[in-house]
Amino acid sequence: MQLHRFHGGLKLADETDASTAEPVLVMGVPAKLTVPLGQHIGEATEACVQVGDHVTKGQRIGQSKGYIAAHVHAPTSGKVADIDLYPVPHPSGLNAPCVVIEPDGRDEWGDARMEPWLDWDTRDLRALRQRLRAGGIVGLGGAAFPTAVKLNPRAGQRIHTLIVNGAECEPYISADDMLLRTAPEAVFEGIRITARLLGVERVLFAVEDNMPEAMRALTETLPTELRDLIELVSVPSIYPTGGERQLIKVLTGQEVPSGGLPADLGMVCHNPGTFKAICDTVIQGRPLLSRIVTVTGPGVKHPRNVEALLGTPFADVIEAAGGYAEGVDRLVMGGPMMGFAVHDDSIPVIKATNCLLATRPQDTPSPGPVMPCIRCAECAAVCPAQLLPQQLYWQAKAKDFDAIQDYGLFDCIECGCCAYVCPSNIPLVQYYRYAKNEIWAREKERQKSDIARERYEFRQERIEREEREKAERLAKKKAAVKNKENDGDKQAAIQAALERAQKKKAARAEGSEKNSEKGTGSETNGEETSTTNDTRDGDDR
Amino acid sequence: MRFRTQSSPHVIPAHSVGGVMQQVLMALVPGTLAMTWFFGWGVLVNVLLGVLFAVAFEAAMVAARKRPVMATLADNSAIVTGWLFALAIPPLAPFWVTLIGIAFAIIVAKHLYGGLGYNPFNPAMVGYVVVLVSFPREMALWPAATTLPESPLTLLQSLQTVLTGSLPGAQEWDAVTRATPLDAMREGLVSGRTVGEITASPLFGTFTETGWEWVGNFFLLGGLYLLFRRIIHWHIPVAVILGVAIPAGFFWLLDPDSFASPAFHVFSGAVIIGAFFIATDPVSASTTPLGRILYGAGIGVLIFVIRTWGGYPDAVAFAVLLMNMVAPTLDHLTRPRVFGRSRGGPPPGDGHA
Ligand code: SF4
Ligand code: SF4
């Protein structure tokens, strides 16, 4: 298969040897689980249990309300001890709503358990999608985008290619590697289900060339009947090949349009872990309750991969990897390039926790002081989005938000390549996040003021319209009156003629004068009525 | 357990400004030694003085601007400026030439514009041009290219000359100095001799005067090292050299008697050091790949034009400063195509919504 190259990127040392030496350790149930309600990108999920409730394994405890959202389930059976704000893994370090479960140790599935669907092949597609939604599955590569949404293409959008993103490009992370080595069958089942859901013609399964064992496991277990559908591709390990857009470029040479989605090219991209979760949910009726976490770095004694229940405190996970090494001072969730440092290890594993990386000062010495940009353009040379990071930096500093968007701020995938090579130690990505947040905030403000303006304009328009209508009505009435007056003139003329005639008559016969007076009187009354009406209309406004 | 938090990436930083500059300094060493070998101890004396003055002015300016002095000095950029300036001036130029040039470079060209990263012009070249136009006599005192053992001055005598501004003993400047190859070529052509007659002089080697051409070779070595270490990219040096060589070659083919060969142009004067060490100064150069090619080519062509028809035989500094002015525009005009957009395509409509 002809592979392509994306601009820039970094060749980073592969640090996964330590964590792949031993098989995945399935961790037990911890003493307490703190399950955050918001574990995905998108709209909030609300607790649907109450403090004191007994919950069973797999029971829904967080109900998603919106479309881009995912349910949350109890990872084991036990008592809901608390529903409150707790520290969660988030770069902001803010607390977020969590359901705290005290396990009862029985790890029981209750009545709410979904029945296994061995016959998923014959099920209706809508039912399949609903099942995925019920399973609370999100992308397990770290971005945590609700999977059901991605598997429901817009009307008229045909998806012909499914891409399996097995390119774990960050150094240190080996969760997908280990999954592919140990459970390739489940991944293939998940692919089969997804391929059916989307009706794709081909599946490109990308694995990095530094994962030979995973590749071997896949080649050996690829079912014969899938050989025509699934193509296994070894891609060079250049960071960030695991970025959706970069991987699509490498595999197909096509670029996802700026501001668009892979679906615009007829492609959908998922992480192997997500396919395993799809398989578990659809075939076994097991919602997303746990995930594989790589626990690694020079800051842990025995780096390895563990399968941890969602809600397990980081500290327990570290313990499972032999505990901290001497002098550890930094704990990162995610990889060294895109992960963020957490301040506390009591926070829980969530659906997006693909890696815990512990380091000591000597492994990641604090960079020197931030120096002025020397315009060396090293950042531009490595930027996979082909941006000019230093220009973005100047524009962010100058708060020139129009220019920064024009220069492609929203094409930045925050891969950190630029910050990595910057000799001046400028935390470039932080500036971009700041600018993005600022623009979003302004956008919201603008929308608010737009609504206010629209309301004002609408009101203004209504007033004008009514004014106009009033004026028209007035004009009409005036015209009517004039017509009537004209009519009156005519009638007066007629009347006069009549009167003359009557006078002539009267000359002949007496008592005709009374009638003519009556007629004129009725005319006057009519005019008065119409004036009154107009005045009332005016009061109305 | 609680941890310090820090922003990503959580890896050992790949480079530091100080480290980059250190590589540049290392790459300057072979050329500097070659220059010392051919032009005498004065070269080393000047480099030492240049670096000393540059660091002193830098420290004073940084302190005056209430910035962290040590952290700023650690970027090594002042040393590079001082060193490059010292290589540009004649090896026996009196110390005050260095002092004035460096003062201008560091104080005016660098710090009055906001310090490292904010200076639109290459500070060393600004300093050089200032002394070049102010002190034409001192700036013409280039010794003949001999070799160190044959050099008329010892290290101590060189030091003395630089500090006092006059040669030791009763030596006359005329006995020590000589026209540079560029000057020789220029004067020769003006006085009606052909290029062939001028280069027939025994001092000429393959391309230009032997000393000059060897110095060029050693700077080239350093430049290639920088390329190899990816401290600089190929665009600017290649464009500068081709920018000189192509028009020079064209005119040379047209009339080889009145125009020097492209090789003469490339290896005389400061083209090599200019192409690899001066034009590549990131702060004042263009930053996009295409912009850098145009920027380098502009410098090259200007060097040839100024040398051939302009007032100064060695035009590298003028060419660099002129192109410094154009660099921001070049950057703007040569923005690369953003991934997923057509060239010059609009920003995503509501990609962020
Ligand atoms: S890498 Fe850093 S110093 Fe170099 S241009 Fe980019 S932001 Fe400036
Ligand atoms: S973080 Fe953004 S600007 Fe920096 S290299 Fe990555 S995509 Fe480019």
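1. In this predicted model, A:Arg60 has A:His73 of β6(A) as its bridge partner. The strands concerned are β5 (residues 60-64) of chain A and β6(A); they run antiparallel and are joined by two bridges.

2. That pair belongs to an open sheet of three strands in chain A, ordered β3-β5-β6 and paired antiparallel. At its edges lie β3 (45-47) and β6 (72-73) of chain A, each of which pairs on one side only. A:His73 therefore sits on an edge strand, given that β6 of chain A covers residues 72-73 and that strands are DSSP runs.

3. A second open sheet in chain A has four strands, in the order β2-β8-β7-β4, and its pairing is also described as antiparallel. Here the edge strands are β2 (33-36) and β4 (54-55) of chain A, and each has pairing on one side only. As a general point, the strands of a sheet pair through backbone hydrogen bonds, either parallel or antiparallel.

4. Where does β2(A) connect to this second sheet? Four bridges join β2(A) to strand β8 (residues 95-103) of chain A, and the two run antiparallel. Within this pairing, A:Leu33 stands opposite A:Ile101 of β8(A).

5. Ligand 2 has 13 residues around it, and those that come nearest are A:Cys383, A:Cys412, A:Cys415, A:Gly416 and A:Cys418. Two elements of chain A give two or more residues to this shell: α12 (417-421) and α13 (428-508). By class, the shell around ligand 2 holds 11 nonpolar residues, one polar and one charged.

6. On the chain as a whole, chain A contains 14 helices and 17 strands. Its radius of gyration is 36 Å, whereas a compact globule of 541 residues would have one near 24 Å. The C-alpha atoms of chain A fill a box of roughly 135 × 65 × 50 Å along the principal axes.

7. How much of chain A is buried? Of its 541 residues, 51% count as buried.

Conventions
Residues are numbered from 1 along each chain as its sequence is written. Chains are lettered from A and ligands numbered from 1 in the order in which they are written. This is a predicted model: local features need pLDDT of at least 70, side-chain atom pairs count only at pLDDT 80 or more; totals for chains, interfaces and linings use all residues. Side-chain values use heavy atoms; hydrogens and water are left out. Two strands pair if DSSP finds at least two bridges between them. A residue is near a molecule or strand if one of its heavy atoms lies within 4 Å of it. Ala, Val, Leu, Ile, Met, Phe, Trp, Tyr, Cys and Pro count as nonpolar, Asp, Glu, Lys and Arg as charged, and the others, Gly among them, as polar. The radius of gyration is taken over C-alpha atoms; the globule rule is 2.2 Å times the number of residues to the power 0.38. Buried means under 20% relative accessible area, exposed over 50%, partly exposed in between (1.4 Å probe, protein chains only).
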